[in-house]
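Hi,

Here's the structure I promised to pass on. Have a look, and then read on for my notes.

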Amino acid sequence: MKNILQFQDVTYIYHTAHGELLAAQNLTFRVDEGEFVAIIGPSGCGKTTLLSLAAGLLKPSEGSVESRGSFGYMLQKDELFPWRTIEKNIFLPLEVKRRHSPAQKERALALARKYGLGDFLKSYPAQLSGGMRQRAALIRTLATDPDILLLDEPFSALDYQTRLNVCEDVAAIIRSEKKTALLITHDISEAISLADRVLVLSARPARVAHAHALDFGDIPPLKRREHPAFSGWFETLWRELNP
């Protein structure tokens, strides 16, 4: 596989009014093209900082971050503008990047129709369920055809049942569109059900303490949760997060 994102010996220091805060130290990992990688770690270990470094929003204090592609960012909440229709929300990144040609807009609409939003394009966010809004947020992220999706706990604002269904939808869309994804989550089960690989971060300063390639193949998220290997992976990751 082609390497699309590489962290090499990355150290990051926050400078605050009270001094320096070492957020990451000697952080090294790679993500290959088409891979779905989940990152878990203790609360406050710097998981979201890692996504900002990946996207180039922050620059490493030491080491390097190299990427070979464009990024799309999906946040914890859908952040759809309530005064814009779903169609207009999906078009927003095209407008921001001045890439709103008829062909590009039609591609975005084709994605929306393909993944079940065709009947809701003229609706407003308040008229949709939480799961449908999150699906719209993913289509909006995909509208500019990014190479790498950065997912910052995108299901955490949903109730448990909706969360399971949306995980299934999002995983199917990402794999169908052959996108590379880097997911930050605090949910061990979510990481196991979605990812090809799971990276476990240490407490701050963050480094990769453990890395695991999962062996579920193309089994979708809900079926993974029923797989005999699921509980074993959960116990392994739980122990590594709680040494």
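Below is what I found, going from the whole chain down to single residues.

First, the ground rules. This is a predicted model, so to speak of local features I needed pLDDT of at least 70, and side-chain atom pairs count only at pLDDT 80 or more, while totals for chains, interfaces and linings use all residues. Residues are numbered from 1 along each chain as its sequence is written, and side-chain values use heavy atoms, with hydrogens and water left out.

**Whole chain**

There are eight helices and nine strands, taken as DSSP runs (H or I, at least four residues, for helices; E, at least two, for strands) and numbered from the N terminus. The radius of gyration is 18 Å, close to the 18 Å of the globule rule for 243 residues, so the chain is as compact as a globular protein of that length. That radius is over C-alpha atoms, and the rule is 2.2 Å times the number of residues to the power 0.38. Along the principal axes, the C-alpha atoms fill a box of roughly 50 × 45 × 35 Å. Of the 243 residues, 49% count as buried (under 20% relative accessible area; exposed is over 50%, partly exposed in between; 1.4 Å probe, protein chains only).

**The sheet**

Three strands form an open sheet in the order S2-S1-S4, with antiparallel pairing (to pair, two strands need at least two DSSP bridges). Its edge strands are S2 (19-32) and S4 (62-67), each pairing on one side only. S1 (residues 3-16) and S4 are joined in the antiparallel sense over five bridges, and Leu5 stands opposite Ser67 in S4. Helix H1 packs on this sheet and touches S1, S2 and S4; its direction makes about 120 degrees with that of S1. Axes here are lines fitted to C-alpha atoms, for helices over the stretch in contact, with angles from 0 to 180 degrees between N-to-C directions.

Gly41 sits in the loop between strand S3 (36-40) and helix H1 (47-55). Gly41 is buried, at 9% relative accessibility. What does Gly41 touch, not counting residues up to four places away in sequence? The answer is Lys47, Leu201 and Leu241, where contact means heavy atoms within 4.5 Å. Gly41 and Ala209 are 168 residues apart in sequence, yet 9.3 Å apart in space, C-alpha to C-alpha.

Ser189 belongs to helix H6 (residues 188-194). With a relative accessible area of 14%, Ser189 is buried too. Setting aside neighbours within four places in sequence, Ser189 is in contact with Arg225, Phe230 and Phe234.

Cheers
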